[in-house]
Amino acid sequence: MKILLTGGAGYIGSHTAVALVAAGFDPIVLDNFANSHPVVMERLATITGRHIALERGDVLDTPWLEDVLRRHQPVGVVHFAGDKAVGESVALPLKYFHNNIGGAVSLLRAMETVHTENPATAPTLVFSSSATVYGDPATVPITENFPRSHTNPYGHSKLVIEDMLSALRTASPAWRVGVLRYFNPVGAHPSGLIGEDPAGIPNNLMPFVAQVAVGQREHLNVYGDDYPTPDGTGVRDYIHVQDLAAGHVAAIKTLLRQGESFTVNLGTGRGHSVLDVVKAFEAASGKPVPYRVAPRRAGDVAQCWADPALALRLLGWQALHTLDDMCADAWRWQSANPNGYRS
Ligand code: NAD
Ligand code: UD1
């Protein structure tokens with residue numbers, strides 16, 4: 001049972017590849033390595049004890065995608081490939097509309113073409129969406145029927161792709177689509193062989209904290225301590241990437257078994273503040289994480305966490321790892337690979 005993973009060499013895709021092998025699937029990684037490193041493939045082989053097929057190329061290349069689909073005939077596709085830096089999307093909106101929306105259109109057209117040639121198989125897709133589609137939620141926890149909005153081109157691209165998938169399902173009922181709205185993925189595989197490898201200065205909290213702990217950065221800037229939260233710092237639903245990977249396996253299995261499309265949150269249902277993360281990381285690493293309070297970051301919300309009940313009901317999935325697990329695994333990866341895959 002082959003599953004094609006676009007962007008499969010990236011942070012979430014690589015962990016999902018490992019989880020799929022463990023569940024008896026045969027993942028195929030498709031990536032152009034725009035934001036990942038080919039050495040990931042060797043690490044995946046070490047962890048799984050198996051060679052994982054690689055298709056090196058660009059999702060924007062529709063004829064090539066068709067060729068990949070015809071050769072492998074995967075039973076499902078997980079679409080991770082895309083750009084994800086919020087700040088960059090504000091500076092370079094066309095890059096995000098081209099690669100994210102254009103990439104999704106290219107993939108969907110290729111899948112539709114190959115399905116038309118062989119109508120016996122239902123096109124089956126899992127899409128990486130984000131809690132960013134909830135904008136600034138009026139209340140927490142967030143359920144899937146909350147209103148959607150966007151505050152930057154990255155978030156806008158996710159919203160447009162969700163809407164495209166919905167229109168496609170209306171037009172072509174054969175499509176089986178699982179939209180997964182991730183909350184804040186952190187942590188790494190417990191082997192320490194694969195993990196998050198941000199290019200340049202990390203934008204997200206956990207990789208920045210990890211780089212402070214390992215001594216690469218002097219201190220963390222805590223963006224605001226005057227939010228209406230218990231300690232005044234921003235609260236988020238951090239989810240272990242291993243739990244997220246298991247969520248993709250559950251989503252694929254559900255689509256293949258039931259054929260019903262769905263949109264679900266993948267989160268833990270628990271919120272942690274910036275200072276909770278700092279304390280947990282200090283405990284996991286045994287290293288100090290000095291910080292300074294800085295002004296709020298533009299576009300940040302005070303608190304955001306999921307109601308994950310629908311994922312449990314529909315997929316039989318729930319997050320199992322704690323914040324301490326996330327920090328311990330992030331630290332193992334960071335300390336063994338201080339310069340990421342370039343170490
Ligand atoms: P990542 O950058 O590590 O992985 C994305 C992969 O896609 C990279 O390996 C990159 O080289 C590849 N890629 C990009 N454009 C491509 C193209 N045109 N053709 C082929 N390959 C291409 O990111 P990630 O954290 O693993 O995120 C995966 C998906 O999940 C993204 O769609 C992202 O928007 C979404 N998401 C991520 C987070 C998060 O915090 N990491 C949160 C919510 C949603
Ligand atoms: C960010 C993105 C969001 C994306 C999500 C997951 C923005 C505005 N939003 O959200 O679209 O879906 O990542 O990839 O970038 N913090 C600090 N110091 C830092 C970094 C972060 O205090 O150096 C704080 C933030 O203010 C926030 C919390 O840590 O309160 C988490 O930040 P981050 O990891 O960037 O995630 P999100 O803000 O949830």
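**Figure 1. Overall view of the predicted model.** The model is predicted. Along the principal axes, the C-alpha atoms fill a box of roughly 60 × 45 × 40 Å. The chain forms 11 helices and 14 strands. Of the 343 residues, 54% count as buried. Among contacts with a separation of 6 or more, 79% are between residues 24 or more positions apart. The protein exposes about 14,400 Å², and carbon and sulfur atoms supply 53% of this area.

**Figure 2. The shell of residues around ligand 1.** Ligand 1 is surrounded by 26 residues. The closest are Asp 31, Asn 35, Ser 36, Lys 84 and Asn 99. By class, the shell holds 11 nonpolar, 11 polar and four charged residues. Three elements each supply at least two residues of this shell: helix α1 (11–22), strand β5 (124–130) and helix α6 (153–171). Strand β5 gives the most, with three residues.

**Figure 3. Polar atoms close to the oxygen atoms of ligand 1.** A polar backbone atom of Tyr 11 is 2.8 Å from an oxygen atom of ligand 1. In Phe 80, a backbone N or O atom also lies 2.8 Å from an oxygen atom of the ligand. Asn 35 takes part through its side chain, where an N or O atom is 2.7 Å from an oxygen atom of ligand 1. On its own, ligand 1 has 820 Å² of accessible area, and the protein covers 95% of it.

**Figure 4. The shell of residues around ligand 2.** Here 17 residues surround the ligand. Leu 205, Asn 221, Arg 236, Arg 297 and Asp 300 are the closest. The shell divides into seven nonpolar, seven polar and three charged residues. Strand β8 (residues 220–223) supplies the largest share, four residues.

**Figure 5. Polar atoms close to the oxygen atoms of ligand 2.** An N or O atom in the side chain of Ser 130 is 3.1 Å from an oxygen atom of ligand 2. Leu 205 contributes a polar backbone atom at 2.8 Å from an oxygen atom of the ligand. For Tyr 223, a backbone N or O atom lies 2.9 Å from an oxygen atom of ligand 2. Taken alone, ligand 2 exposes 740 Å², of which the protein buries 88%.

**Figure 6. Helix α7 and the elements it packs against.** Helix α7 spans residues 205–213, and nine of its nine residues are buried. They are Leu 205, Met 206, Pro 207, Phe 208, Val 209, Ala 210, Gln 211, Val 212 and Ala 213. These buried residues pack against the strands β7 (184–186), β8 and β10 (238–240), and against α9 (274–285) and α11 (323–336). Just after α7, Gly 215 takes a positive phi of about 95°.

**Figure 7. Thr 233 in a loop.** Thr 233 is found in the loop between β8 and β9 (235–236). Its relative accessible area is 1%, under the 20% limit, so Thr 233 is buried. The side chain of Thr 233 makes a polar contact of 2.7 Å with the side chain of Asp 231. That side chain of Thr 233 also reaches the backbone nitrogen of Val 274, at 3.2 Å. Leaving aside neighbours within four places in sequence, Thr 233 is in contact with Val 222, Gly 224, Asp 225, Tyr 227, Ser 273, Val 274 and Leu 275.

**Figure 8. Ala 245 in helix α8.** Ala 245 lies in helix α8 (residues 241–258). With a relative accessibility of 1%, Ala 245 counts as buried. Not counting residues up to four places away in sequence, Ala 245 touches His 15, Thr 16 and Ala 19. Met 41 and Ala 245 are 204 residues apart along the chain, and their C-alpha atoms are separated by 17 Å.

How values were computed
Residues are numbered from 1 along each chain as its sequence is written. Chains are lettered from A and ligands numbered from 1 in the order in which they are written. This is a predicted model: local features need pLDDT of at least 70, side-chain atom pairs count only at pLDDT 80 or more; totals for chains, interfaces and linings use all residues. Side-chain values use heavy atoms; hydrogens and water are left out. A residue is near a molecule or strand if one of its heavy atoms lies within 4 Å of it. A polar contact is a pair of N or O atoms within 3.5 Å; within protein, one must be able to donate a hydrogen and the other to accept it, and residues adjacent in sequence count only if both atoms are side-chain atoms. Accessible areas come from the Shrake-Rupley method with a 1.4 Å probe; for residues, only the protein chains shown count as cover. Ala, Val, Leu, Ile, Met, Phe, Trp, Tyr, Cys and Pro count as nonpolar, Asp, Glu, Lys and Arg as charged, and the others, Gly among them, as polar. Buried means under 20% relative accessible area, exposed over 50%, partly exposed in between (1.4 Å probe, protein chains only). Contact means heavy atoms within 4.5 Å.
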